[in-house]
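I opened this notebook to record what I looked up, topic by topic, with the cut-offs beside each term.

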Amino acid sequence: MDPPGGDPVQEPTDVKYYPSDEPVRMGLEHYNRGNYGISQRYFKEAVEKAPKDVTAWVGLAASYDKLRRFDLADQAYAQAIRLGGETVQILNDQGYSLMLRGNLSGARRKFEKAYSLDPGNPVIANNLELLNGSRKFIERPPNNQP
C-alpha cells in the first residue's frame, strides 16, 4: 500500500544539487576587505558550481578588475550580460573598469547609460564625478609640450 502523496523516499537520481552560496558570500566578504586575489578564487569557484549565477560572474569580473586582469574581467562581464542583460550594476562596473584602464570616453558612455536607467543612483553619480575629476586632472594646455 502506497502512502498518500506518493513514495516519500527519494532515489539519489531524484535529488537535485543546489550549490551553496558560501563561495559567493566569501567572495563578497574578501572583496569588501580588499583581498581581491582571494575574492577572485571564491567567485571563480562560485561560477564553476553555478554557471548561471549572475552575481558570481559580476563579482568575478570586479575582482579581476582590481587585479588589473582586464582581459578576464571583460569575459566575465560578457557572461554576466548573456545571463542577465545589461543591468545598471553591470554598466556601472564596466564603466569603472574602463576608467581604471584610462579609457575615459568609454567609461563615460557606460556611466551615462547606467545613469539613464537609474538617475537617482548615488554610486553612478559619484563615479561620474570621479570621472570628471580624472578628466580635468589629465588635461593639459596645448603648449605644454616636453
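Which residues lie nearest the centre of the largest pocket, and how many line it? I find 19 lining residues, of which Tyr 31, Val 58, Ala 62, Gln 89 and Asp 93 lie nearest the centre. I note that this is a predicted model, where local features need pLDDT of at least 70 and side-chain atom pairs count only at pLDDT 80 or more, while totals for chains, interfaces and linings use all residues. Residues are numbered from 1 along each chain as its sequence is written, and side-chain values use heavy atoms, with hydrogens and water left out.

**Pocket.** I took a pocket as an open set of points on a 1 Å grid over the protein atoms alone, where a 1.4 Å probe fits, with protein on both sides within 12 Å along at least five of seven lines, and lining residues as those with an atom within 4 Å of a point. The largest pocket has a volume of about 310 Å³, a volume being the space filled by probe spheres set on the points, which are joined across faces, edges and corners. The elements giving two or more residues to its lining are helices H1 (22-33), H3 (54-66) and H5 (88-101), helices being DSSP runs (H or I, at least four residues) numbered from the N terminus. H3 gives the most, with seven residues.

**Salt bridges.** I searched the whole structure for salt bridges (a side-chain nitrogen of Lys or Arg within 4 Å of a carboxyl oxygen of Asp or Glu), and the search finds nine. Asp 74 forms one with Arg 101, the closest N and O atoms being 2.6 Å apart. Asp 74 lies in helix H4 and Arg 101 in helix H5, so the pair ties together parts that are 27 residues apart in sequence. Asp 74 is partly exposed at 39% relative accessible area, and Arg 101 is partly exposed at 30%.

Key: Buried means under 20% relative accessible area, exposed over 50%, partly exposed in between (1.4 Å probe, protein chains only).
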